[in-house]
Amino acid sequence: MAPSRARRPRRYLTCEPRHFDVLYAINPWMRAGTPVDTARALAQWRTLVAAYREHGHTVETVAPVPGLPDMVFAANAALVLGGRVLGSRFHAPQRQPESTAYEMWFKAAGFDVHEPLAVCEGEGDLVPAGPYVLAGTGFRTVPAAHEEVREFFGVPVIGLRLTDPRFYHLDTALFSLEDEGERGGNVAYYPGAFSPGSRAVLERLFPRAVIATEDDALAFGLNSVCDGRHVFIDPGARGLIGELARRGYVPVPVDLSEFRKAGGGIKCCTQEIRP
């Protein structure tokens, strides 16, 4: 019998895709000049926001800035733990102005923001899981940023190396299923995205992990958000949806396929503000 799962209300920060577009290529999913259906993107984003609210979560929005088409991917802007904010320092010059826009929002909301010295792309590569922060590197966030995370938050940081450019951020290859204090935490991930040593670390830390197939990973099934019970997930990740349901989670399919043109999905569009 699958265990009973408990939802915990969350606070999410998002950005309306008013200026979403594919104007450049900074990951393997992007093709500069790919036509974007802005109306469809906006409708999909609104569906995601509505799903969060229908399941009891608070959703706030940061105002989009013209000329920053990737600003919709709010997860990359920061990591927030214990009410403390570590901001971002983007690898790609095209995205670097986003850091200032998000920093202004956090400061207006009453937060102090620590600016990282090293390239650090927020929750794109930093995933709280149980007592740890899992920290990706290989394509964007650099190992020096992992040290900054440890020193700023005072939590154990587990470095994981990504080796498949299709999974250029950790949040495209892994997501957290349980928070700290909940049986030590658990994750879902695609082993093929990681170096052999990183796979061994994940196997040791999370022996009960949900293992995704390549097909589910390519459907952005691992770019998901879990509130402890519900998993907001791409409907194309059918195998992963079935396995999560078998484990006692409640999948909530949300189609964000328009954002895949820029290499993004549900989690990319969602920054969690952890008190």
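Against which strands do the buried residues of H1 pack? Bearing in mind that this is a predicted model, I found that they pack against strand E1 (11-15), strand E2 (58-62), strand E12 (225-226) and E13. I then listed the buried residues of H1, and among them are Leu 42, Trp 45, Leu 48, Val 49 and Tyr 52.

I checked the length of helix H1 (residues 38-54) next: at 1.5 Å a residue its 17 residues should span 24 Å, and because its end C-alpha atoms are 24 Å apart, the two values agree. At the N-terminal end of H1 I noted Asp 37 as a cap, with a side-chain oxygen 3.3 Å from the backbone nitrogen of Ala 39, and just after H1 I noted Gly 56 with a positive phi of about 90 degrees.

From E13 I went on to its pairing, where strand E13 (residues 230-233) and strand E14 (residues 250-253) run parallel and are joined by four bridges; Ile 233 has Pro 253 in E14 as its bridge partner. With helix H6 (residues 238-246), E13 and E14 make a β-α-β unit that is right-handed.

Last, I looked up the open sheet of three strands, whose order is E3-E4-E5 with mixed pairing, and whose edge strands are E3 (79-81) and E5 (113-114), each pairing on one side only. Strand E4 (residues 84-86) runs parallel to E5, to which two bridges join it, and Leu 86 stands opposite His 114 in E5. Helix H3 (residues 143-153) lies across E3, E4 and E5, and I recorded its direction as about 165 degrees to E4.

How values were computed:
Residues are numbered from 1 along each chain as its sequence is written. This is a predicted model: local features need pLDDT of at least 70, side-chain atom pairs count only at pLDDT 80 or more; totals for chains, interfaces and linings use all residues. Side-chain values use heavy atoms; hydrogens and water are left out. Two strands pair if DSSP finds at least two bridges between them. A crossover is right-handed if, with the strands pointing away from the viewer, the path from the first strand over the helix to the second runs clockwise. Contact means heavy atoms within 4.5 Å. Axes are lines fitted to C-alpha atoms, for helices over the stretch in contact, and angles run from 0 to 180 degrees between N-to-C directions. The expected span of a helix is 1.5 Å times one less than its number of residues. Buried means under 20% relative accessible area, exposed over 50%, partly exposed in between (1.4 Å probe, protein chains only). A polar contact is a pair of N or O atoms within 3.5 Å; within protein, one must be able to donate a hydrogen and the other to accept it, and residues adjacent in sequence count only if both atoms are side-chain atoms.
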